[in-house]
Number of protein chains: 2
Amino acid sequence: MRIKLHQTHHTLADFRGILSYLETISVEKEDTLHIFPELFLTGYPLRDLCLTRSFISSYQEFLEEVKKWAKTRKTNEAFLMGGLHYTCDDKGLPLHIKNVIWCAQNGELKDIYTKQLLPNYDIFDEKKYFTEGHENKIFEFKNKQFGLLICEDMWSSSTHNCDPAEKLFSYLKKEKKQIDCLINLSASPYNLGKQEKRIARSTELSKTFGVPFVYVNRVGGEDEILFDGQSFVAQGPDIVLSGKAFKAEIIEFNLTKNLQTASEKYSHLEENTWESLFSPALVTKKKVAELAPWSASDCQEMKEALQFGLQEYAGKTGFNKFTVALSGGMDSALVLTLIRLSLKKGQSLEAIYMPSQYSAGLSYDLSLALCTNLGVPLYTLPIKFYHATIKNNFNDIFGAPLEGLANENIQSRLRGTLLYARSNMINSLVVNTSNKSELAVGYSTLYGDSVGAISLIGDLYKTEVYRLSQYINTLHPGLIPEGIITRPPSAELRENQKDEDSLPPYERLDPMLEGLLSYRLSMKELSDMGFSENELKKVFNLYAKSEYKRNQFCPIIKVKAKSFGFGYRIPITKEQQIYF
Amino acid sequence: MRIKLHQTHHTLADFRGILSYLETISVEKEDTLHIFPELFLTGYPLRDLCLTRSFISSYQEFLEEVKKWAKTRKTNEAFLMGGLHYTCDDKGLPLHIKNVIWCAQNGELKDIYTKQLLPNYDIFDEKKYFTEGHENKIFEFKNKQFGLLICEDMWSSSTHNCDPAEKLFSYLKKEKKQIDCLINLSASPYNLGKQEKRIARSTELSKTFGVPFVYVNRVGGEDEILFDGQSFVAQGPDIVLSGKAFKAEIIEFNLTKNLQTASEKYSHLEENTWESLFSPALVTKKKVAELAPWSASDCQEMKEALQFGLQEYAGKTGFNKFTVALSGGMDSALVLTLIRLSLKKGQSLEAIYMPSQYSAGLSYDLSLALCTNLGVPLYTLPIKFYHATIKNNFNDIFGAPLEGLANENIQSRLRGTLLYARSNMINSLVVNTSNKSELAVGYSTLYGDSVGAISLIGDLYKTEVYRLSQYINTLHPGLIPEGIITRPPSAELRENQKDEDSLPPYERLDPMLEGLLSYRLSMKELSDMGFSENELKKVFNLYAKSEYKRNQFCPIIKVKAKSFGFGYRIPITKEQQIYF
């Protein structure tokens with residue numbers, strides 16, 4: 001029997017696109033089982049969209065079309081498609097919404113399985129919308145038996161009170177039954193290191209059940225969340241087939257008869273859900289903890305993920321022009337380079353350099369060198385005159401000089417204003433250039449350098465920004481001028497300003513932040529990892545008082561297990577003393 | 001027996017403040033039961049804070065202090081206090097967190113009841129963090145029996161699969177037992193009309209059980225969410241005692257012996273959770289649906305709620321100065337007036353007027369008149385010159401004029417920039433002046449008039465902004481110059497611009513938006529309510545394409561059942577066609 005894994009890529013609620021995808025699936029002579037991702041029929045995550053009447057009625061109409069389509073298919077085919085099942089009250093309001101598998105077979109469309117484990121941590125809010133199932137399902141097609149799971153169902157951890165895969169395993173043991181294949185329909189968000197975890201768990205389940213494990217994941221960028229595809233088939237310890245990352249694809253697999261033997265015992269996932277979110281991004285064996293280093297292939301994956309995320313956002317919001325504010329520093333240089341290297345036909349990119357009185361001549365030279373290397377037009381819009389005029393006016397009007405933080409921030413905000421004027425002028429997408437270290441300690445100006453429609457590198461610590469830049473230069477030698485990589489980071493908002501005047505060096509700051517953010521560690525615990533208490537106090541203080549800035553920040557393309565954004569929910573107003 | 005309802009007001013995680021509150025409770029001679037709000041010991045909503053190690057260890061230490069304190073109390077006292085109960089794994093990571101009632105009695109501190117119904121709709125994410133209980137509890141103190149509930153436990157609706165109050169009712173019937181009193185510890189967010197719903201349900205439950213119903217609610221403003229207190233005791237159909245709104249208070253009640261008779265049948269709440277969120281804010285009986293009008297007491301409540309929310313945010317973030325950008329229009333006038341009327345000793349307020357070439361002379365005159373009435377200093381910071389200079393520079397640099405939307409937005413962003421320069425100069429809180437109608441249709445400039453630390457009237461439709469302003473003028477005749485109330489709304493970003501050039505008149509726009517946002521109605525359903533299809537198309541289009549602006553907006557003080565902010569979660573990138 002042929003199994004086709006449809007690693008699909010559709011915009012949320014693009015019912016026309018989804019229907020036309022189904023309609024163009026060609027009929028095979030052989031018996032063929034088509035498998036689609038979780039919530040293929042609707043897209044994911046829908047959030048409140050699944051509660052709006054417009055969505056519900058469009059979806060119900062669409063399901064009628066899918067029913068008609070199902071009638072046109074042959075009896076040697078079956079289709080397992082993730083979708084929603086609504087139960088409404090007499091006013092037409094949803095009472096229960098289930099995350100199900102719709103099966104098209106023999107001219108009929110039925111929902112045959114309801115997701116049992118609804119993830120509700122981090123970015124996941126599934127218990128907000130969905131009602132869980134309680135029954136396993138063994139699906140039969142052409143005398144073969146398929147165990148069904150939806151995404152989280154394979155990831156039961158010690159914080160859950162149900163393990164759907166274990167239930168299935170025990171049932172099969174008890175009834176002395178066998179299945180031929182285990183299938184998981186997924187909508188699994190990407191982060192660095194995620195695929196490794198998926199494969200580890202899938203091969204484990206394949207060995208446990210003694211059958212091939214088929215994993216189908218969707219492709220897409222939904223605001224901040226990326227779905228990477230990378231569908232695969234695990235057979236015992238091996239991955240016998242795998243799909244591309246970040247690309248729609250159909251991959252095929254022949255299900256043969258030779259079964260392996262199931263294990264005697266079920267293999268539990270030894271994790272705590274709140275902890276299992278976190279990739280092991282800290283190396284704690286050294287004297288002072290360090291960030292886990294990125295290999296070249298990590299860098300390549302990261303580059304592809306970020307570029308995919310940007311193109312998804314631009315494509316879905318209808319932009320084909322990009323504008324980036326260039327400072328002569330590392331962050332904006334990497335952002336410009338990543339965009340340039342991802343440009344598609346019909347797209348354009350430009351850079352704006354906005355020097356103030358504190359900008360070094362080198363900043364311009366490096367910006368120009370980068371733009372020349374990339375073939376990107378560079379516009380220079382000095383803010384000196386506006387800045388000086390505003391300072392004079394403030395002195396006249398308020399009888400006091402604009403100095404200190406006020407004098408620094410005004411420069412940054414003038415840049416934000418001019419950048420957006422240009423963006424409005426040509427209808428381009430402003431890509432934000434902040435990094436995760438800055439965001440964590442609030443080392444940026446709200447409405448200034450923090451502006452942008454989407455943040456490309458807001459999930460990368462500063463040292464990772466350098467790492468990725470160096471990697472790009474190994475692919476394209478000299479593309480990013482060496483001077484940008486080697487000069488000390490500076491915001492250039494006052495004379496001789498350096499990041500290190502205000503912050504610990506990034507090689508210490510970044511692992512400290514990873515401990516604080518991803519592991520939610522306290523100062524005490526971080527101090528036990530070798531960090532200095534003085535630096536920790538400074539960092540916790542900056543972190544605690546900058547929550548309001550992160551609150552108004554744009555979506556950040558999520559490439560880590562724990563990121564700022566939708567899955568990070570810390571109140572602004574609280575007693576800060578608990579951190580100290 | 002004396003029952004004391006502690007309607008408390010503490011900052012999230014202010015363990016020192018909470019302990020010192022407990023320590024100053026005087027000992028009574030009479031038997032006294034002290035009742036506190038839900039999560040009194042921690043504050044609410046904590047969101048991810050309850051997962052951070054700093055919080056967990058501070059809380060555990062604090063609980064030890066509470067245990068010591070419990071030993072100091074007398075045997076004629078008992079204390080029922082909402083708090084958290086952590087179960088951790090061997091690494092000290094939380095496995096399960098329960099929202100419980102801690103009881104201090106006879107020198108001991110024990111958790112005696114776990115919340116069974118965890119709200120998880122709208123702003124509520126309790127299933128993300130908490131593990132639900134499954135057992136009812138009857139608490140005994142001095143030969144009296146108390147039924148215990150925590151907040152949502154009394155609100156089971158048709159979308160839930162458990163009704164804790166009904167379970168208790170059935171148990172009592174079955175065992176032929178009686179209780180003397182029903183207690184609900186709450187942390188119930190405020191919205192207009194909420195108290196009426198609480199009272200309706202509580203009197204119903206009091207009648208059903210035939211005992212007094214004691215409802216204790218917390219006070220506080222937590223970013224966007226307000227807790228209004230208004231604790232009360234219901235006895236049958238009557239409220240025999242009630243606490244103030246938005247103020248900490250201890251109210252006392254004597255529990256006597258004379259019981260009423262319990263009903264034969266339990267009285268269910270006839271609602272759908274997703275629908276029960278929504279107050280009936282639309283009057284649909286007319287030819288075209290209208291917003292439900294506000295009575296004078298609605299206006300007074302709204303005024304108090306907004307002022308309380310602002311003061312909470314300012315107090316907890318440490319600001320005692322406020323800056324407001326005044327335009328000569330209704331929104332900023334109301335914001336300035338509300339702040340002025342809420343100023344406390346040591347606080348100050350100033351207004352900044354920033355005219356462009358399109359600002360009418362009347363705008364200044366009205367701004368000045370308002371500031372004179374309020375005794376607020378007014379600074380004028382013209383943007384004409386900056387605007388003209390930028391236009392010239394753009395022409396020189398980009399070879400094209402700044403016109404249309406770009407020319408409108410630059411004015412708004414220059415204002416945002418100058419406003420924040422002033423705010424940085426004196427360390428003042430910038431209060432945003434956008435209203436809900438504008439936010440819904442994106443009729444504002446990102447980083448321009450949308451700036452601010454907190455939005456005071458972002459949950460009020462434009463017609464409600466007028467209504468509240470008129471109400472304030474009935475309290476303080478002439479305080480807001482009549483000219484501000486009567487002039488047609490305009491953004492003044494181009495010659496002779498009027499809101500009605502781009503939007504339907506607010507008396508039609510606002511109820512349309514209420515249907516779209518609060519009831520999540522489709523165009524079809526709104527059209528059936530009498531709205532014109534052309535106007536609906538325009539409004540849905542503006543709404544759908546402005547999601548990105550709302551995504552970067554500041555916290556909005558929530559005074560409605562359904563608001564923009566944390567409880568509103570709509571993806572930016574999606575197929576917009578579903579709306580049409």
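A residue is called buried here if its relative accessible area is under 20%. The model shown in these views is predicted.

**View 1. Helix α4 of chain B and its buried residues.** Helix α4(B) covers residues 164-175, 12 residues in total. From the first C-alpha to the last α4(B) reaches 16 Å, close to the 16 Å expected at 1.5 Å a residue. Five names make up its buried set: Pro164(B), Ala165(B), Leu168(B), Phe169(B) and Leu172(B). These residues lie on the same side of α4(B), because they cover an arc of only 140 degrees around the axis. An α-helix has 3.6 residues a turn, so residues three or four places apart point the same way.

**View 2. What the buried residues of α4(B) pack against.** Their partners in chain B are the strands β5 (108-114), β6 (138-141), β7 (144-150) and β8 (181-186), together with helix α5 (194-209).

**View 3. The two ends of α4(B).** At the start, a side-chain oxygen of Asp163(B) comes to within 3.2 Å of the backbone nitrogen of Ala165(B). Just after the helix, Lys176(B) has a positive phi of about 50 degrees.

**View 4. Helix α5 of chain A.** The end C-alpha atoms of α5(A), residues 194-209, are 23 Å apart, which agrees with the 22 Å that 16 residues should span at 1.5 Å a residue. Among the buried residues of α5(A) are Lys194(A), Arg198(A), Leu205(A) and Phe209(A). The buried residues of this helix pack against α4 (164-175) and several strands of chain A, including β8 (181-186) and β13 (238-242). Just after α5(A), Gly210(A) takes a positive phi of about 70 degrees.

Methods: Residues numbered from 1 in each chain as written. Chains lettered and ligands numbered in written order. Predicted model: local features only at pLDDT ≥ 70, side-chain atom pairs only at ≥ 80, totals over all residues. Heavy atoms only, no water. Helix = DSSP H or I, 4+ residues; strand = E, 2+ residues; numbered from the N terminus. Expected span 1.5 Å × (residues − 1). Buried < 20%, exposed > 50% of the residue type's maximum accessible area, 1.4 Å probe, protein only. Arc of directions from axis to C-beta. Contact = heavy atoms within 4.5 Å. Polar contact = N/O pair within 3.5 Å; in protein donor to acceptor, adjacent residues only side chain to side chain.
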